[in-house]
Amino acid sequence: MKKGYHSTRSKDINVTASQGILQGLAPDGGLFVPNFIDKINLDPSKFMGKNYGEMAHQIFCAFLDDFSEKQISDSIQGAYYSGKFEEKEPVALKKVKDRYFLELFHGPTCAFKDMALTILPYLMVESMKNVNNQKKIMILTATSGDTGKAALEGFADVPNISIIVFYPKDGVSTVQEKQMLTQIGENTCVVGIDGNFDDTQNGVKMILNDPQLAAELAKANVIFSSANSINIGRLLPQVVYYFYSYYELLRRGEIQPDEKINFVVPTGNFGNILAGYYASLLGLPINKLICASNANKVLTDFFRTGNYNRNRDFYKTSSPSMDILISSNLERLLYDVSGADPDAVSDLMAQLKNQGTYQASKALMEKTSLFYAGAADEGETAQAIKAIFDETHYLMDPHTAVANKVYEDYLSETKDTTKTVIVSTASPYKFGRSVYESIFGDCTCNDYELLTVLAEKTGTAIPQPLKDLDKKANQHQGQCDKTEMPQAVLDFLNNQVHNQVEQND
């Protein structure tokens with residue numbers, strides 16, 4: 001079979017990696033998946049003693065079917081080794097008690113989204129060359145907090161690409177919102193939505209499949225794409241840090257060759273943990289992928305019952321990046337465990353759209369046995385932050401704390417002593433108030449002053465990208481109702497066209 005990427009909803013749609021990265025969402029509303037993943041044979045010896053970039057090169061060469069090795073090497077160098085990250089390597093693995101925290105927040109926006117969104121612009125630029133694309137690209141992104149800033153940072157001032165980010169106006173932290181609103185770049189736009197993340201994400205998906213809007217963009221020689229984890233170019237870079245974790249433990253002598261390990265992943269849109277699943281398909285020895293949810297525990301209920309039901313109360317929590325009831329990347333898992341059956345996936349997605357729920361078959365759920373799922377409520381999340389800090393002086397953000405609490409529950413339930421990596425997705429300083437008040441109680445200072453107090457009381461340092469945020473001027477003021485998102489896109493397009501005309505004059 002020729003290498004390529006199918007839609008989860010039709011095998012008739014088959015594209016190259018470059019085409020999939022540029023399109024973002026398949027024309028039928030499905031997500032692109034590699035039709036050759038079961039044919040990939042990675043040589044474990046080529047990961048031993050390698051740095052993060054070298055491991056990324058091995059994995060990208062396996063997936064990016066129409067990229068040259070130079071294109072891949074240049075993209076990795078630009079993303080991970082050009083000063084965007086704090087240390088020599090973009091991630092850090094730290095042992096705390098009997099577990100390991102994989103810190104993915106040492107990049108320019110202090111969240112794990114940097115691991116994919118620093119390299120996606122490079123992949124997209126190279127994809128444009130590979131398909132001889134002469135059009136400009138408008139990136140549409142919905143964010144529950146961290147994707148927005150990471151995407152803005154990655155695409156700011158990239159030639160021939162513009163980006164508009166939609167976020168739930170009252171559904172992100174103060175720091176997350178300020179990071180987005182202060183983003184500099186003539187090709188960037190940020191719009192707050194009167195609604196939750198699911199409203200925002202659904203709006204973006206509808207826009208991406210709107211032929212009238214596509215026709216308006218075509219008049220300006222512009223096409224849509226996405227920087228959400230629905231884009232295969234977002235998902236593939238996330239596979240790398242699962243391999244890095246494993247081989248780093250091996251290098252340290254913490255595990256033996258071929259010994260299986262667990263990963264605990266705080267999960268919202270299911271992209272981060274799906275990358276772990278793909279790593280397992282590539283042969284990485286994974287015992288369990290532990291899916292950790294907050295009070296919006298739609299995934300926990302799905303893995304325990306086979307019933308996916310978004311018809312429930314939506315909770316705003318201290319871990320807003322997980323405040324999601326429609327986990328888009330679950331569709332990719334359903335496609336794989338259904339035996340690559342696009343008709344079955346289409347049927348389930350139609351039920352979700354029309355009734356808000358679907359029931360997966362027992363046979364299908366038996367193929368998800370790699371997963372364990374649990375949830376932590378707000379009180380449990382705060383207790384987890386305090387308990388780990390009091391015992392070890394280690395600071396966790398609320399998302400990581402959810403994962404840690406679910407891991408404690410898993411240990412209690414299963415008595416499984418397999419070595420375990422907790423995927424730590426954000427700096428605790430992005431959620432300073434929640435972290436501070438979990439440990440020390442109420443604080444009357446504002447959210448920016450609180451970061452300084454948190455640093456002083458814990459003896460830790462405020463990450464450089466988050467210092468003096470309150471002193472930066474807002475560059476974006478856009479707000480609209482969720483029904484007005486298409487018009488916001490047209491307004492941004494017209495503004496971009498007007499600016500281009502002025503530049504040409």
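Visitor: At what angle do helix H18 and helix H19 pack, and how far apart are their axes?

Guide: Two packed helices are described by the angle between their axes and the distance between the axes. In this predicted model, H18 (residues 432-440) and H19 (residues 447-458) pack at about 45 degrees, with axes 9 Å apart. Axes are lines fitted to C-alpha atoms, for helices over the stretch in contact, and angles run from 0 to 180 degrees between N-to-C directions. Helices here are DSSP runs (H or I, at least four residues), numbered from the N terminus. Residues are numbered from 1 along each chain as its sequence is written, side-chain values use heavy atoms without hydrogens or water, local features need pLDDT of at least 70, side-chain atom pairs count only at pLDDT 80 or more, and totals for chains, interfaces and linings use all residues.

Visitor: Are H18 and H19 roughly parallel or oblique?

Guide: Under 35 degrees counts as roughly parallel, over 145 as roughly antiparallel, 65 to 115 as roughly perpendicular, and the rest as oblique. So H18 and H19 are oblique to each other.

Visitor: Which residues make the contact?

Guide: Contact means heavy atoms within 4.5 Å. On H18, Tyr436 and Phe440 are among them, and on H19 they include Leu450 and Leu454.

Visitor: How do the axes of H6 and H7 cross?

Guide: H6 (residues 146-155) and H7 (residues 174-181) cross at roughly 25 degrees, and their axes come within 9 Å. H6 and H7 are therefore roughly parallel. Their contact includes Leu152 of H6 and Met180 of H7.

Visitor: What does leucine 330 touch?

Guide: Leaving aside neighbours within four places in sequence, leucine 330 is in contact with Asn269, Phe270, Leu299, Phe302, Phe303, Tyr308 and Tyr358.

Conventions: Helix = DSSP H or I, 4+ residues; strand = E, 2+ residues; numbered from the N terminus.
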